[in-house]
Amino acid sequence: MMRTLAVLVVCHLSFTTSFAQVGDHRSELAVGFNGGYVLSNVGFMPKVPQTMHKGPTGGITLRYTCEKYFNSICAIVAELNYAQIGWKEEILTPDDAPVINAVTGLAEAYQRDMTYLQLPVFARLGWGRERKGLQVFFQVGPQFGTFLSEKTKMNFPWDSRTPAYSDGTGRTSGIVAQDTMAVQHRIDYGIAGGLGIEMSVPRVGHILLEGRYYYGLGDIYGNSKRDYFGRSNFSNIVIKLSYLFDIVKTKNSKIK
C-alpha cells in the first residue's frame with residue numbers, strides 16, 4: 001500500500017515537472033468542514049446476512065489546487081473525519097420472515113456501532129469553473145482509520161437467541177461468533193473514490209456534494225487459519241456535503 005502510494009506521488013511529480021510548460025500553474029489552498037451519512041457493512045467470510053448499517057460522518061477538509069492541465073484542474077484533498085460505521089444483521093427464516101424470539105416475543109435485531117477516526121487522502125481532477133460557477137470532479141486515494149469505540153444494540157438475551165433450523169422456523173444463518181467478538185485489529189485501511197459537483201460563489205466559498213465508495217483492505221478480526229473468519233473487511237457508501245473557503249488564491253485574471 002505505502003509503496004504504491006509512493007510510486008503514484010513520484011509519477012505525479014514527474015508528470016507535473018515534464019509538462020510544466022503546458023500546464024497552467026496554481027497555488028491555492030482552501031479549508032472547511034464536511035458532514036454526511038454512511039451506509040456500511042462488513043464482508044464476513046463465512047458470510048453473515050446483513051442490511052446496510054446507517055451512521056453519521058463529519059470532519060474537516062483541506063484542499064490544495066496545484067495546476068490546470070488542459071481542461072483538468074488538479075488538486076490534492078485530505079480530510080480528518082469522525083465516522084460511525086459497523087454492521088446490522090438481517091435475521092430471517094428461510095421463508096424471509098422475521099425471527100421471533102421466544103423470550104421477548106419480538107423480531108430479533110442485532111447491530112454493532114463502531115466509531116472510527118478516518119484520514120482519506122485524494123488525488124482530484126475537476127472540470128468546469130473554479131471561481132464562479134459549477135465544477136464536476138472525481139477523486140480517488142487511500143484511506144486510513146483508527147478504531148475508537150464500539151457499542152452493541154440487540155433486543156434479545158444472548159442465551160435465548162433463536163438457533164438455525166432447517167424446517168423454516170429458525171435463522172437462515174448459524175454464524176453468530178461475530179456478535180460477541182470485540183475488535184481485534186484497530187487500524188483500518190483501504191481505497192476510496194468518489195464523484196461530485198462543486199458550486200463556487202465569489203466571497204462566499206465552495207459548496208460540494210459528493211457520493212463516495214470505500215473498500216477496506218484490512219480486517220477487523222484475525223484472518224489466519226486458526227481464526228474463525230477468513231475475511232472481515234468494511235465497505236462503505238458515503239453521501240457528503242462540504243463547505244470550503246479560500247485561504248490562499250492565485251493571482252491570475254484568466255482563472256474563471
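Among contacts in this protein between residues at least 6 apart in sequence, 74% join residues at least 24 apart. The model is predicted. It holds one helix and nine strands, and 42% of its 256 residues count as buried.

**Overall make-up**
- From the N terminus on, the elements run α-β-β-β-β-β-β-β-β-β.
- The accessible surface of the protein comes to about 13600 Å².
- Carbon and sulfur atoms account for 63% of that surface.

- Strand 6 spans residues 133–154, and strand 7 spans residues 187–201.
- These two strands run antiparallel and are joined by 14 bridges.
- Gly190 has Gly216 in strand 8 as its bridge partner.
- Strand 7 and strand 8 form a hairpin, with three residues between them.
- Arg203 sits in the turn of this hairpin and has a positive phi of about 65°.

- Tyr82 is found in strand 4, which covers residues 72–89.
- Tyr82 and Gly58 are 24 residues apart in sequence, yet their C-alpha atoms are 5.5 Å apart in space.

**Cavities**
- Rolling a probe the size of a water molecule over the atoms shows where empty space is left.
- How many cavities of 30 Å³ or more does a search of the whole structure find? The search finds four.
- The largest cavity holds about 120 Å³ of space.
- This largest cavity is lined by 14 residues, and the closest to its centre are Glu28, Arg63, Thr65, Glu130 and Glu198.
- By class, the lining of the largest cavity has six charged, five nonpolar and three polar residues.
- Strand 1 (24–45), strand 3 (53–69), strand 4 and strand 9 (231–248) each supply at least two residues of this lining.
- Strand 1 gives the largest share of the lining, with three residues.

Notes
Residues are numbered from 1 along each chain as its sequence is written. This is a predicted model: local features need pLDDT of at least 70, side-chain atom pairs count only at pLDDT 80 or more; totals for chains, interfaces and linings use all residues. Side-chain values use heavy atoms; hydrogens and water are left out. Two strands pair if DSSP finds at least two bridges between them. Helices (H or I, at least four residues) and strands (E, at least two) are DSSP runs, numbered from the N terminus. Buried means under 20% relative accessible area, exposed over 50%, partly exposed in between (1.4 Å probe, protein chains only). Contact means heavy atoms within 4.5 Å. Accessible areas come from the Shrake-Rupley method with a 1.4 Å probe; for residues, only the protein chains shown count as cover. On a 1 Å grid over the protein atoms alone, a cavity is a set of points where a 1.4 Å probe fits but cannot get out, and a pocket is an open set with protein on both sides within 12 Å along at least five of seven lines; lining residues have an atom within 4 Å of a point. Grid points are joined across faces, edges and corners, and a volume is the space filled by probe spheres set on the points. Ala, Val, Leu, Ile, Met, Phe, Trp, Tyr, Cys and Pro count as nonpolar, Asp, Glu, Lys and Arg as charged, and the others, Gly among them, as polar.
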